[in-house]
Structure formats: structure tokens, C-alpha cells
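Please look over the sequence and the model below before reading on. The text then goes through the structure part by part.

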Amino acid sequence: MVYSAEKLSEEKVFKDPVHRYVHVRDKVIWDLIGTKEFQRLRRIKQLGTTFLTFHGAEHSRFNHSLGVYEIVRRIIDDVFAGRPEWNDSDRLLTLCSALLHDLGHGPFSHSFEKVFQLDHEDFTRAIILGDTEVNKVLTKVSPDFPAKVAEVIAKTSEKKLVVSLISSQIDADRMDYLQRDAYFTGVSYGQFDMERILRVMRPREDQVVIKQSGMHAVEDYIMSRYQMYWQVYFHPVSRSAEVILSRILHRAKDLFNEGYLFKYPPHHFFSFFKEKVDVEDYLKLDEAVIVYYFQIWQEESDFILSDLCSRFINRNLFKFVEFDPAKEYKKLGELTSLFKKAGIDPEYYLVVDSSSDLPYDFYRPGEEEERLPIHLLMKNGELRELSRESEIVDAISGKRRTDHKLYFPADLIHDETNKKNMKKQIKTLLEI
Ligand code: NI
């Protein structure tokens, strides 16, 4: 039997708190899960620093990747199979792309990518196409199979229907992370009726569409995404931890470039500091390694590095106030110079952080990120874009909400500025 069609002699199941079970029968999928690059995802948390706000949020990208695979498997095997618009020869490509879609995520992805100017999507591609165990498994299917999987994940594949199952405004990725993140944080916002949505999904030549009768379940899904962004993903306390994390990486990089002698040399970071990162170095860095360095850097002689690391490890986070960069730039200037006078380096201790989300949007050609809209399949067979039918979705469609906060260490301000009679001035400006 050809490798791509090989089945396990017995179905394997993973117990999953969100989908109850994740079912694996394909040998290729089983082999991919066993590769070291996929196992690495166990050591990368799905929600980065969110566990410092919602203590349950310790789940990993491994859980999420299996979940996305399971949702896609159910759509294909239970809903699409046998329909003339679905080509079952795309089945394995779709399942592999779902399983591997987050393969290139690094530790604390968000901050990490910003500081070192990396893109996890580039690494997903590099891991799939490079000299890796994942590549060996995919190549056994066919020599051009790794490239096909990489194209689906990068959204450049010609198989638009397959792409839309994994990344669109209603895809298996979002359906899994909303429910999973809601489950592990313990909030009630991320829940929606996925069973119903799966049942009303229909394949079309270039996209997945939703039967008109499923519109309300989709409305609920979009609202739950909107709520999760503001209640969980952009929570100001998790962002405080992220601000500190990114400042630590910055500080370590700056010190390295200045020739600072580390008590504990950051071997795992050398190629990142030099901005020459290959896949091998990238795969060696996971969250356990990062936290190890933060733990020992508390003993470094550089005050800023050791102070920031101790804040992260012991959850002594920065406080924050609302901040409007358009109106309050003067205030930020005054605060910056007061911080400098007080001996608190504003580059590390006075940070503006902005978060922004667009809950749903219809198609706007030429925009920076062209979004695939959700289409309803009407009874007469026509397709209609969701916001034209749903008043609720229309009300939030295309509305970007942005939130800015100014972060600072309240304790340090208290101690340092007290000595120089500047405490009152700073506190008045910060309105604390
Ligand atoms: Ni994902």
C-alpha cells in the first residue's frame, strides 16, 4: 500500500478537554505527531504570558494543533465526504496543513518576533522544507508534498477551498483556539455552537460557505471572538508581562552588542542577537529555555536586566494607565525627562503598548491584509456576504478598535523619585 493511504491497524485517540477525543487513523498523521519538531510545540504555550493573568492558561500549541487537525478531520470526513464539490484526494493535504499550521511558532511568539524581527510563518515554511523529521515524513508521501503543505499554510496554494478551511474568518484554527482558550482561562465568552456550524458548512470551488440556516450560530461565533479579544487576548495585565518580556530581550541584546560580560552567557540567543538565525538554532529555543535564562539573569550585575527578570519570574508587573498617543505626546515627553532625571531609564521603564482588533470585515481589495469574507448559501443557491444578511455582524463589520496603555513600574517610581522630590510631579502626570 502507498504510504499516503496507509492506516494504523487500530485507531489512536488522544483525550482532549475541548473535543473529547482526537482521532488518528492515518499513518502519515501519526508519524508527524511523533516528530521532534511537532513535539516541541508542547513546550510553547498557546497564550504566551496570559497565564500570569488567567492561571489556567498553561495549554500548549501542541494541544491546539491537534484540535485544529480534529476539527478539519470532522469537516472532511463527516460533512464534506461524498459531496461533488469536495475532492477527496485533497484530504491528506488538508489534514497535514491543519496539524502543522503553527509549527514555526517560537517561545512567547508575539514579543519574540517583534524584538528579533522574525516571522513564525517563515519558520513554519523553513521547518517543513528543511532538513527535519517533519520534512522526511512529508517527502515519503511524494517529493513535492512538503511544498504543497507549505503553500496551503502560507495561503499561496491554488487550492483555495483547502486554504479557507485552515485560514479564513471562519476556519478551524479560530474555532479551536476560541473554545480552547475559553476552556483553559475559565471565561465564559468563547463558547459557541461549533457542532451546528460544522453541520452547515458546505464546500464550494474556492471557499467554505455556510448554509443560511446556520447564520445565528455564526453570529454567536463572531461575537465570542470579539469578546475573547478584549477580555482575554488584550488583557492589560498579560500585556504588562509582555512589555517586560520584550524589554528583557531588548536589554540582553543591547548588553551583548555593547560587549557586556554576562555572568551566564546566553548561548541559546547568540544567533538571535547577531540576527543570523537558522532553523536548528530556532528549534532549540523554547519557553523552558527562555524562563531558565530569566531565572539566572536575576543574578546579573546589570541592574536593568536583573530587575526586569525578577519582575517577570516573580510576577511583579508594571502598572498601567490609559493613554492617548495622539493627545498626550507632550505628557509622555515630560514623563520621559522626569524619569531620566530620577535615574529610571525610560527606554525600559516607560512603555506605550497598543492593541487593536477588527472583529469581522467584508472583502476590501488592495488592503494590507485581504480578508476572506464569510458567505451564506441562500435557499435559492446564491451566495450572500454575511454582513449583508446579519444586522449584528453589520454593526461591528470593518470597525477596528484600538487600545493604548502606558506601562511603568509603580514601586520603582515610589522608591527612586522619593529621594529626588519628583514623586509628586510624576504621580500627578500619571494620575496615580
Ligand atoms: Ni493556530
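Predicted model: local features only at pLDDT ≥ 70, side-chain atom pairs only at ≥ 80, totals over all residues.

Residues are numbered from 1 along each chain as its sequence is written, and side-chain values use heavy atoms, with hydrogens and water left out.

The protein is divided into domain 1, residues 3-233, and domain 2, made of residues 236-355 + 404-430. These bounds come from an automatic or database domain assignment. Between the C-alpha centres of domain 1 and domain 2 the distance is 34 Å. Contact here means heavy atoms within 4.5 Å. By that criterion, 25 residues of domain 1 are in contact with 26 residues of domain 2.

Next comes the metal site. The nickel ion is coordinated at 2.2 to 2.4 Å by NE2 of His-64, NE2 of His-101, OD of Asp-102 and OD of Asp-173. Donors are N, O and S atoms within 2.8 Å of the metal (3.2 Å for Na, K and Ca); water is not among the atoms, so sites may look incomplete. The angles among the four donor atoms of the nickel ion run from 79 to 168°, and the site is irregular.

Along the chain, the donors of the nickel ion are spaced as H-x36-H-D-x70-D. Helices (H or I, at least four residues) and strands (E, at least two) are DSSP runs, numbered from the N terminus. His-64 counts as buried because its relative accessibility is 0%. Asp-102, at 6% relative accessibility, also counts as buried. Buried means under 20% relative accessible area, exposed over 50%, and partly exposed in between (1.4 Å probe, protein chains only).

The strands form sheets, of which two are described here. Strands of a sheet pair through backbone hydrogen bonds, either parallel or antiparallel. Two strands are taken to pair if DSSP finds at least two bridges between them. Axes are lines fitted to C-alpha atoms, for helices over the stretch in contact, and angles run from 0 to 180 degrees between N-to-C directions. Three bridges join β3 to strand β4 (residues 208-211) in the antiparallel sense. Pro-203 has Val-208 in β4 as its bridge partner.

The other open sheet has three strands in the order β5-β9-β6, and the pairing is antiparallel. Here the edge strands are β5 (319-322) and β6 (351-357), each pairing on one side only. The twist averages 30° from one strand to the next. β5 and strand β9 (residues 401-408) run antiparallel and are joined by four bridges. Lys-319 has Phe-408 in β9 as its bridge partner. Helix α13 (residues 236-258) packs on this sheet and touches β5, β6 and β9, its direction making about 60° with that of β9.

Some single residues remain. Most residues other than glycine have a negative phi, and most peptide bonds are trans. Arg-20 has a positive phi, near 70°. Arg-20 lies in strand β2 (residues 20-26) and is exposed, with a relative accessible area of 56%. Gln-117 also has a positive phi, near 50°. Gln-117 sits in the loop between α5 and α6 (120-129) and is exposed, with a relative accessible area of 66%. Gln-117 and Glu-275 are 158 residues apart in sequence, and their C-alpha atoms are 8.5 Å apart in space.

Strand β2 also holds Arg-25, which counts as partly exposed at 38% relative accessibility. Not counting residues up to four places away in sequence, Arg-25 touches Glu-6, Lys-7, Leu-8 and Glu-11. Arg-25 and Leu-429 are 404 residues apart in sequence and 62 Å apart in space, C-alpha to C-alpha.

Methods: Tetrahedral: all angles 85-135°; square planar, octahedral: opposite > 155°, others 65-115°.
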